[in-house]
Amino acid sequence: MLTISRRGPTVSVLAFEGMSVFEIGIVTEAFGLPRPEFDFPWYDLTICAETPGPIRVVGGATLHTEHGLDTFAAADTLIVPGVPDVHADPSPALVEALRTAHARGARVMSICSGAFALAGTGLLDGRRATTHWRYADELRAKHPSIQVDADVLYIDDSPILTSAGSAAGLDLCLHVIRLDHGPAVANAVARRLVVQPHRDGGQAQFVEAPVPADPDDDRVARSIEWALTNLTAGITVDMLARRAHMSSRTYLRHFARATGTTPIRWLITQRVHASLPLLEAGTMPIEEVAASVGFETAVTFRHHFTQTMRTSPSAYRRAFPAVPPALPLTGS
């Protein structure tokens, strides 16, 4: 007789001496909190350590876990949120745990300096990977066979994924939730966390909303609001400047001060972002998606999409299924 298992995919995260609770909190927020709003099992998270027992964390507190490397290695997804010392090699026991998990097909992830633990196993050799920008040169020097990219938020080279500094780890966790359960679920989790639903790994820092305008310049803010509701229009700098009652030169200066970019670059980014839910939703032809968000041709859309997202529209669509996977069936 078959029964539906209510146990979700297992996730293990490795705690270490001297860590910040924020490093492990990122993972517990994404995968450890119950999600009763969903009608399928959420992840089953376990905090592990190389040596079970008390672990001192930043601030004088102590974390205690009964779970060691055996439990860590047995999970469907393993996460190393950092290492105590980027100059030291991972222990032989941790290397074995990570290699064993990878060999059986587990997903292995690192956040921030956790990339050094993965690098020490050899699993990143020949792969593209990232870490916190301040550690990038050290990672390159210590592991020259790794293609270190310090200009990204995270890299998905499945089944191995790496991310930049701690906050980028949350982006990576949401990315994994999108992969596992689709964009609607990931967006719902992001709303619970009060964070942006999607920042692309490619360090364009792809945001849900435009960078806030200078609060002292309502004219630029109003022009941005108008542009967001008229993305399909043939918007020009002169048109935006007239909306803000400025000369084009003055508008460019105020816009750059408010957003850190140019109006055209900002507009392209917003149009690419507006295409994401259309690509995620189903089978609308790329040509129609392009027109729906204001690009004149599909060729132009593909070019700017690839520049922004570091992947093609078709590949993006394949990467993010719109329907959550079915519940696993187990025998009884």
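Modeller: A disulfide is counted here when two cysteine sulfur atoms lie within 2.5 Å of each other. By this rule the count comes to 0 disulfides. The model is predicted, so local features need pLDDT of at least 70 and side-chain atom pairs count only at pLDDT 80 or more, while totals for chains, interfaces and linings use all residues. Residues are numbered from 1 along each chain as its sequence is written, and side-chain values use heavy atoms, with hydrogens and water left out.

The part to look at closely is the sheet. Its elements follow DSSP runs, numbered from the N terminus: helices are H or I runs of at least four residues, and strands are E runs of at least two. Two strands pair if DSSP finds at least two bridges between them. The sheet is an open one of 6 strands with mixed pairing, in the order β3-β2-β6-β7-β11-β10. At its edges stand β3 (44–49) and β10 (154–157), each with a single partner strand, so one side of each has no neighbour in the sheet. From one strand to the next the twist averages 15°, where axes are lines fitted to C-alpha atoms, for helices over the stretch in contact, and angles run from 0 to 180 degrees between N-to-C directions.

Buried means under 20% relative accessible area, exposed over 50%, and partly exposed in between, with a 1.4 Å probe and protein chains only. Since 14 of the 16 residues of α6 are buried, the helix is largely enclosed by the rest of the structure. Gly182, which follows α6, has a positive phi near 95°.

Now to β6 itself. Strand β6 pairs with β2 in the parallel sense over 3 bridges, and Val13 of that pairing stands opposite Ile79 in β6. In a regular strand the side chains alternate between the two faces of the sheet. Both faces of β6 are covered, as Thr77 and Ile79 on one side and Leu78 and Val80 on the other are all buried. Strand β6 is also joined to β7 by 4 bridges, and these two strands run parallel; the bridge partner of Thr77 in β7 is Arg107. The chain crosses from β6 through α3 to β7, and this β-α-β crossover is right-handed, meaning that, with the strands pointing away from the viewer, the path from the first strand over the helix to the second runs clockwise.

In the loop between β10 and β11 lies Pro159, and the peptide bond from Ser158 to Pro159 is cis, with omega near 10°. In the loop between β7 and α4 (115–120) lies Cys112, whose phi is positive, near 55°, although Cys112 is a residue other than glycine; Cys112 is buried, at a relative accessible area of 7%.
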